[in-house]
Amino acid sequence: MPELPEVEHLCRHLRSSIQDATITEVHLRRPGIVNPGEKRSRASSRDLLLDGTICNLERKGKQLAIEVEDGRILCIHLGMSGRVQVIKRNESVDLEPHTHCTWLLHGAPEAREIRFVDPRRFGGLWTLCSREKLLSTRWDQLGPDALIVNPDILARRLSGRSRGLKSALLDQGVVAGLGNIYVDETLFRAGLNPRQPAGTLKPDEIQCLVTEMVGILQEAIRMGGSTIRTWLDSSGKKGDFASTHRVYGRSGCLCVSCGQLLKDKIIAQRQTVWCSKCQPLRRRRR
DNA sequence: CGGTACGCCTGAAGGC
DNA sequence: TGCCTTCAGGCGTACC
């Protein structure tokens, strides 16, 4: 499922394939995916960047922003099963089921079309009239991006919090970009228990947490993301990162580090896998 | 504050 | 083989 590395991978691909292109046609097949949650009148094709020349592609957390020259922005969230397909100029690709929106391009070096596909529809498209609006209505509510967060900032955001690390790191308002896979993998590699109260970490543990988090994310980006079940990148390739998972998806298996049986439990409403020996819970004294 | 539960949604996977 | 059930989870919201 798309988390930060998958969206970053997509963002980089789009920068090289559609930046400076102009959107000449938009086909919205399922209007309900635009601005979900808002009961305002339905978005027009122009809101979906018709007649715009793409000048900037940006990511924060799991969200992607496509900006055109007059300042309009389309923000894409892939949710659980969302994908953006890039169709090359000389390619003919059948429309997949659940293709909710299609943009035709002019002036891209290779691409002629991009498509938003999202079977489970946990994702969505948001239309914004300006960058300021993107920030004020969406991105300012996110914590710092997990790829560039530094230990001091994260320490401040976790200090005084009693909630468990699993819950805190999943919260996009604390740090943006991690989902279930990368939280479990990060905690394992940092040797931290998912239920450890977030505010009890010592400076060296925060440092370790950040180092492992950034390291895992960068590694996953290099490998094209994690393919669990359905994730494919914008050219239809599977990611390779899943093969390196040490805890996620390995409940019932043995710890790769100490050989003990991994524990699994629902924590923070997510299936959580960890090693109780390598990730001991540090009880507060007295 | 934080936790718990629910609803949204489809397809993969497992059981019989 | 095929039907049925279960499970996966990002995120908003309600409630305790």
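Reader: How many aromatic pairs does the count come to?
Author: This is a predicted model, where local features need pLDDT of at least 70, side-chain atom pairs count only at pLDDT 80 or more, and totals for chains, interfaces and linings use all residues. Side-chain values use heavy atoms, without hydrogens and water. Rings of Phe, Tyr and Trp (its six-membered ring) pair if their centres lie within 6.5 Å; planes under 30 degrees apart are stacked, over 60 edge-to-face, the rest tilted. By this rule the count is zero.

Reader: Which charged residue sits over the ring of Trp-126?
Author: The test asks for NZ of Lys or CZ of Arg within 6 Å of the ring centre and within 35 degrees of the ring normal. Here the charged end lies 3.9 Å from the centre of the ring. The residue is Arg-138.

Reader: What is the bridge partner of His-27 in strand 6?
Author: Strand 1 and strand 6 (residues 99–106) run antiparallel. Six bridges join them. In strand 6, His-27 is partnered by Thr-102.

Reader: What distance separates the centres of domain 1 and domain 2?
Author: Chain A is divided into domain 1 (4–141) and domain 2 (151–274). These bounds come from an automatic or database domain assignment. Taken over C-alpha atoms, the centres are separated by 28 Å.

Notes: Residues numbered from 1 in each chain as written. Chains lettered and ligands numbered in written order. Pairing = 2+ DSSP bridges. Helix = DSSP H or I, 4+ residues; strand = E, 2+ residues; numbered from the N terminus.
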